[in-house]
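Please look through the sequence and the model that follow, and then read on for a guided explanation of how some of the parts are arranged.

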Amino acid sequence: MTTLLEHIIVVGAENRPLMLEKSMYDSWASHIRLFIKGEKHGRMMLDSIDNDDCDVQATNIILHGLPPDVYALVNHQEAAKDIWDIVKLLMKDIELSYQERECRLYNLFDKFASV
């Protein structure tokens, strides 16, 4: 039985963390945690994301997985936890707008289908 980490490696993410797609934050967050867990000192890096510790390697992994517009908003932060929390907040707003757009599309489709 293969693990999710092995699937990530198969699709080519072994050298680079998965790039964040704005509508897929939860998936990205779990993938990036798996990626970090597979790295040397992974447990220590995950602790730095969950606590206020500053781990340069964890910070770099997170930053490498961000698109340029999000990177520009968080690259001045030093602690991995601060970056993680800001990205989470940024993506929460985007997720809501994505859901709102999806809801509107379904409403428009229902109106169109009833005509």
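Helices α2 and α3 are oblique to each other, a word used for angles that are neither under 35 degrees (roughly parallel), nor over 145 (roughly antiparallel), nor 65 to 115 (roughly perpendicular). The axes of α2 (residues 25-37) and α3 (residues 42-50) cross at roughly 140° and come within 7 Å, where axes are lines fitted to C-alpha atoms, for helices over the stretch in contact, and angles run from 0 to 180 degrees between N-to-C directions. Helices here are DSSP runs (H or I, at least four residues), numbered from the N terminus. On the α2 side the contact (heavy atoms within 4.5 Å) is made by Arg 33, Ile 36 and Lys 37, and on the α3 side by Gly 42, Met 45, Leu 46, Ile 49 and Asp 50.

This is a predicted model, in which local features need pLDDT of at least 70 and side-chain atom pairs count only at pLDDT 80 or more, while totals for chains, interfaces and linings use all residues. Residues are numbered from 1 along each chain as its sequence is written, and side-chain values use heavy atoms, with hydrogens and water left out.

The axes of α3 and helix α4 (residues 56-64) come within 8 Å and cross at roughly 75°, which makes α3 roughly perpendicular to α4. Met 45, Ser 48 and Ile 49 of α3 meet Gln 57, Ala 58, Ile 61 and Ile 62 of α4 in this contact.

Returning to α2, its buried residues (under 20% relative accessible area, with exposed meaning over 50% and partly exposed in between, for a 1.4 Å probe and protein chains only) are Tyr 25, Trp 28, Ala 29, His 31, Ile 32, Phe 35 and Ile 36. Tyr 25 has a relative accessible area of 6%, and Trp 28 has one of 2%. These two residues lie 3 residues apart in α2, about one turn of the helix.

The structure holds 2 aromatic pairs, counted when ring centres of Phe, Tyr and Trp (its six-membered ring) lie within 6.5 Å, with planes under 30 degrees apart called stacked, over 60 edge-to-face and the rest tilted. Tyr 25 and Trp 28 form a tilted pair, 6.0 Å centre to centre with 40° between the planes. The rings of Trp 28 and Trp 84 have centres 5.5 Å apart and planes at 25°, so this pair is stacked; it links distant parts of the chain, since Trp 84 lies in helix α6 (residues 80-114), 56 residues from Trp 28.
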